[in-house]
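Reader: I would like to learn how to read a model like this one. Please take me through it feature by feature.

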Amino acid sequence: MDVKYIAPFMDSLVKVLNDFGISDVKRGKILMKESMNVDMDITSVIGIIGDIRGNIAYSLSADTARHIISAMMMGAPVPEINAIGRSAIGELSNMITGAASSQFSTTGIKANITPPSIVFGKDIYFVISSLILLLLP
Amino acid sequence: MSTGVQLYEPFISSVKKIFKDMANMDVVFKGAFGSESDEIASYGVTSVITYTGKIKGSFLINLEPGLALAVAQNVNGIYYDSVKDSMVLATISEMNNIIAGNAISTLNNIYSLGLWLAPPYVFTGRDAIICIPKIPSASIDCQTIYGKLKVNVAFERSGEVSGC
């Protein structure tokens, strides 16, 4: 897979989190996988259609999710992830993937996003699609 | 747009047809579609496919593990003993893709919705909950001789589309 398809997501993730005052995002090594065993609590999946087609999944621990939701709600305490919190995680996925889609459009690649779906639960085994799967911790 | 029954019908027809054609299974629908809360408990194996066009939404099939194994066995002619087997999950995912593809084609032909499908994904795990935030959804419970199935359809409400 060409790096031009990966970089916009990483750039957008960092930028969107930065906009909410979260600046300590560290990037791990990219892995190519056919399936994915997720040991985190929350995974938000959002689809991409257009010139490129696929899914992007954002996995995070409950603690990280609460931290981000709180940052999105101007520092309000988030003792549990309720409907508003779930909506915030969905919105975060929309913002990151939407921003990445906009970056694609500047290089002539049309990409539209589908609604996010969020899976809660630990030790979930995913097959994201029959396409190429990249993992970016 | 009021999310009418007309939008759900193609999914019901498609579920019945594809389960019969691909897995030689009869699906019995119990009652009618009912509004779903924004949290859906996974029965064991769940596949989700999302779409966008003039409206947006998602389609989900939720299967008990025994049913998922039976579907994979009937479709592929091979015995499987774990729902984590990649062929089991790939079979359920592909089945969802075909069901949703059929239904979306029908909706596009009737209502010119211009819907496009993203690739499906599938997961298995204990006590998983799935949530489609902000989009109202409806579910219908189904039964097969191999176990329970739940079908969930979500459509974003919008005033842009008429006739459905």
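Author: Start with strand pairing. The model is predicted. In chain B, β8(B) pairs with strand β9 (residues 147-155) in the antiparallel sense, over 8 bridges.

Reader: How many residues lie between β8(B) and β9(B) in their hairpin?

Author: The hairpin of β8(B) and β9(B) has 2 residues between the strands.

Reader: Which strand pairs with β8(B) over 6 bridges?

Author: That is strand β1 (residues 28-36) of chain B, and the sense is again antiparallel. Here V28(B) stands opposite Q143(B) of β8(B).

Reader: Zoom out. What is the order of elements in chain B?

Author: Read from the N terminus. The run is α-β-β-β-β-α-α-β-β-β-β-β. That comes to 3 helices and 9 strands.

Reader: What does the radius of gyration say about chain B?

Author: Compare it with the value for a compact globule. With 164 residues, such a globule would be near 15 Å; chain B has 15 Å, so the two agree. Along its principal axes, the C-alpha trace of chain B spans about 50 × 30 × 30 Å.

Reader: How many of the contacts in chain B link residues 24 or more positions apart?

Author: Count contacts with a separation of 6 or more. In chain B, 70% of those join residues 24 or more positions apart. Look at burial too: 56% of the 164 residues are buried.

Reader: What does the surface of chain B come to?

Author: The accessible surface is about 6700 Å², and carbon and sulfur atoms hold 50% of it. For charge, count the side chains. Chain B has 12 positive and 14 negative ones, and the centres of the two sets are 3 Å apart.

Reader: Now chain A. Which residues of helix α2 are buried?

Author: Helix α2 of chain A covers residues 62-72. Its buried residues are A62(A), A65(A), I68(A), I69(A), S70(A) and M72(A). Next, ask what they pack against. The partners are α1 (7-19), β3 (42-50), β4 (54-60) and α3 of chain A.

Reader: Which residue just after α2(A) takes a positive phi?

Author: M74(A), at about 55°.

Reader: Where is A76(A) found?

Author: In the loop between α2 and α3 of chain A. A76(A) has a relative accessible area of 27%, so it counts as partly exposed. A76(A) and S87(A) are 11 residues apart along the chain, and their C-alpha atoms are separated by 15 Å.

Reader: Is F104(A) buried or exposed?

Author: Buried, because its relative accessibility is 1%. F104(A) sits in helix α3 (residues 83-106) of chain A.

Reader: Which residues does F104(A) touch?

Author: Leave out residues up to four places away in sequence. F104(A) then touches K4(A), Y5(A), P8(A), F9(A), I52(A), I109(A) and A111(A). Contact here means heavy atoms within 4.5 Å.

Definitions and conventions
Residues numbered from 1 in each chain as written. Chains lettered and ligands numbered in written order. Predicted model: local features only at pLDDT ≥ 70, side-chain atom pairs only at ≥ 80, totals over all residues. Heavy atoms only, no water. Helix = DSSP H or I, 4+ residues; strand = E, 2+ residues; numbered from the N terminus. Buried < 20%, exposed > 50% of the residue type's maximum accessible area, 1.4 Å probe, protein only. Rg over C-alpha atoms; globule rule 2.2 N^0.38 Å. Areas by Shrake-Rupley, 256 points an atom, 1.4 Å probe, with all protein chains shown as cover. Lys, Arg positive; Asp, Glu negative; His and termini not counted. Charge placed at Lys NZ, Arg CZ, Asp CG, Glu CD. Pairing = 2+ DSSP bridges.
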